[in-house]
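Student: Could you take me through a close look at one part of this model, the protein chain? I would enjoy one connected account.

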Amino acid sequence: MNKVKEIIDTAKSEDRNVLTEFESKELIKSLDLPITEQILVGEDEGFEGVKKACSTIGYPVVMKLIAEDVVHKSDVGAVKLNIGDEDDAKSAFDELMKIESQAKKSISVQEMAKEPVAEIIVGSLQDAQFGPTVMFGIGGVLVEVMEDVSFRIAPINDFDADEMVHEIKGFKILDGYRGKPPADLDSIKHVLKEISELVYEHQEISEMDLNPVFAYEDGLKIVDARIILNN
Ligand code: ADP
Ligand code: MG
């Protein structure tokens, strides 16, 4: 079975319409888009399981609490960055396990992605009037306030993707500023096109947020993802 359908069907069979970060990123990875390397460790595997995952990924790592009822992870301290060794991993694990949740808990151990040229957002939603749409913007708190995003009806072509990237005010941030190199626009446009096709073909995906995507001079990496299915 096609991996996208498999992940969607699993969630539906468990009566869930919000995919976890781990599932959302696995789904995106099956489109051959780059995500941070990730290993999911169940609570029952304990710290031993986490330790093994950390050494497989290689320090420094990131650890996140994955639970159905934890949606905005950093708000509740569920994201631990830049874990340098086993001692750090143990304290991060203990802290993550203290976070309150009624749901099944797992730990996602991830590679620590290197600092980007810019953090961007790629999203989608099913619009009541236009159907599936794709969205693009610069990541970070400030730009959320500025509402500096571009939208198109899915699926989009190369021309649309190029316009989407260029028409936001924050384009300057991608174009190299204060001595920073410019971001790899082709890889951003590729993600926009792939996501627009995904949400066109799978209209049961009602909403998606890739936030942030780390944009580099060469390529990019999807660091966090959230996919919501319609009921
Ligand atoms: P939230 O659910 O709060 O949005 P995120 O997974 O987006 O949680 O993590 C919060 C922030 O931590 C991100 O915006 C990013 O700056 C940083 N971050 C998360 N995962 C990684 C990673 N694997 N490597 C580097 N930085 C990360
Ligand atoms: Mg996020």
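Tutor: The accessible surface of the protein chain amounts to about 11800 Å², and carbon and sulfur atoms account for 48% of it. Keep in mind as you look that this is a predicted model. Turning from surface to interior, 52% of the 231 residues in the protein chain count as buried, where buried means under 20% relative accessible area.

Now for the fold itself. You can trace eight helices and 11 strands in the protein chain. Its radius of gyration is 18 Å, close to the 17 Å that the globule rule gives for 231 residues, so the protein chain is as compact as a globular protein of that length. As for how the sequence comes together, take the contacts between residues at least 6 apart in sequence: 61% of them join residues at least 24 apart.

Finally, let's see how the protein chain is divided. Domain 1 covers 37-112, and domain 2 covers 118-229. Between the C-alpha centres of domain 1 and domain 2 there are 27 Å. Where the two domains touch, five residues of domain 1 are in contact with four residues of domain 2, contact here being heavy atoms within 4.5 Å.

Terms used
Residues are numbered from 1 along each chain as its sequence is written. Chains are lettered from A and ligands numbered from 1 in the order in which they are written. This is a predicted model: local features need pLDDT of at least 70, side-chain atom pairs count only at pLDDT 80 or more; totals for chains, interfaces and linings use all residues. Side-chain values use heavy atoms; hydrogens and water are left out. Helices (H or I, at least four residues) and strands (E, at least two) are DSSP runs, numbered from the N terminus. The radius of gyration is taken over C-alpha atoms; the globule rule is 2.2 Å times the number of residues to the power 0.38. Buried means under 20% relative accessible area, exposed over 50%, partly exposed in between (1.4 Å probe, protein chains only). Accessible areas come from the Shrake-Rupley method with a 1.4 Å probe; for residues, only the protein chains shown count as cover. Domain bounds come from an automatic or database domain assignment.
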